[in-house]
Amino acid sequence: MSISSAQTALPDAEASDPQKLGWMQGFPPAPDKIIKFANGSNYQFPRMRWSFSHGRELGPTSNVWHGAGPVSVLPLVSRERELDAIQFQDEKGFSVSWSYMLAHTYTDSVLVLHKGKIVYERYLGISRAYLPHIAMSVTKSFVGTMAAALAAEGKLDPNAPVTQYIPELKETAYGDATVRQVMDMTIGVQYSENYADPKAEVWDYARAGGLLPTAATYDGPKTFYDFLAKLKKEGKHDEAFAYKTVNAEVLAWIVKRATGQNLSDLLSERIWQKLGPENDAYFAVDGVGTEQGGGGLNLTLRDMARFGEMMRLNGKFNGQQIIPAAAVEDIRKGGDPAKFAKAGYATLPGYSYRNMWWVGHNSHQTFEARGIHGQRIYIDPVAEMVIVKFSSHPTAANGATDPVTYRAFQALANHLMK
């Protein structure tokens, strides 16, 4: 589905504002305004524009403690009016503005850092600065960063077989794979990530992890571990990039085995507390408390900006080297663009994938974390700019919004560099 067809058939950003629609308002809410996990309404548009910021009210979670230290300062130099008016050409050649992009991509909140200072911050609809939002697959980049850091410290061997850490996967698609192949998603595994296909395995994965309701007669896997143990090989490893969330879940499992810690505690101790964040983060978990490493992280916008700024500064932030500079260097160098090209991402020409990050290989040396429905950490080292964005676009795949989003980001970078 294209962005134009999606927005023709569905209410636009203003009309689908959860505040205006009255979702979950009142004590109790009106029956037709209630959103529930049990009936799947939490993942139906436009109701998901409320649920993306209210995950803890809908399902079990695991906390990522922000620590007892002081909050790190993000200086504010607001340039909102100036930046709202920035003009650029969209993919059809029409002149549009930055504020147009926000509405067109169903933005919930967005923040721009330039040289470490907040130059733009906007919360729309029900979004609030203190309210965590689901990061979707931006989560993968957090897991990949922790894995890259462990590798740089010699605590994780990317060249080791997966079975060195997870012998339970010996008879699966990962039985003859290496950790590096998992980190860069060059795994041959029978699994479809096509959100437009109701029969794709991504929905089986979601049911196994308790992310979707199941019928009383459901007899499939009931945990992430059970689901991963059933995956079969398809094709060969290390021939092509293939974006599949199960690889992130396997990497999360490897990281936990290498450290003896769950993701929540590991992220809190290794990164979160050191950033000086304002709030706790949290993960969605399955029926046995296993964090969803492929897309379950929820966090606030400013705290995600702190993480992005740390990555821009090669792992250093809040007066300390939080992750090894070598780990960020390994991410920024990227993977093999030729392997990436085989995946056919028309909106990402010249890109590659490394350690669960998307690497642009362009003149601005951009690299980013991406999540379905429009979640983004976009880092432009040349422009000294970090953009973090939460959205609730009706179409899951980001190919629907990439054309206008990237043009807006580039226009903003050019403006800030003047």
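**Close-up 1. Helix H15 is largely enclosed by the rest of the structure, because eleven of its 15 residues are buried.** Buried here means under 20% relative accessible area, with a 1.4 Å probe and protein chains only. Among the buried residues are Asp-402, Pro-403, Tyr-406, Phe-409 and Leu-416. H15 covers residues 402-416 and reaches 21 Å from its first C-alpha to its last, close to the 21 Å expected at 1.5 Å a residue; that expected span is 1.5 Å times one less than the number of residues. Helices (H or I, at least four residues) and strands (E, at least two) are DSSP runs, numbered from the N terminus.

A note before the next views: this is a predicted model, where local features need pLDDT of at least 70, side-chain atom pairs count only at pLDDT 80 or more, and totals for chains, interfaces and linings use all residues. Residues are numbered from 1 along each chain as its sequence is written, and side-chain values use heavy atoms, leaving out hydrogens and water.

**Close-up 2. Ser-72 sits in the loop between E1 and helix H4 (80-84).** With 6% relative accessibility, Ser-72 counts as buried. Not counting residues up to four places away in sequence, Ser-72 touches Leu-275, Gly-276, Arg-306, Phe-317 and Asn-318 (heavy atoms within 4.5 Å). A polar atom of the Ser-72 side chain lies 2.8 Å from the backbone oxygen of Leu-275.

**Close-up 3. Four strands form an open sheet in the order E1-E7-E8-E6, with antiparallel pairing.** Its edge strands, E1 (61-64) and E6 (133-134), each pair on one side only; pairing takes at least two DSSP bridges between two strands. Two bridges join E7 (residues 281-284) to E8 (residues 297-299), and Tyr-282 stands opposite Asn-298 in E8.

Methods: Buried means under 20% relative accessible area, exposed over 50%, partly exposed in between (1.4 Å probe, protein chains only). A polar contact is a pair of N or O atoms within 3.5 Å; within protein, one must be able to donate a hydrogen and the other to accept it, and residues adjacent in sequence count only if both atoms are side-chain atoms.
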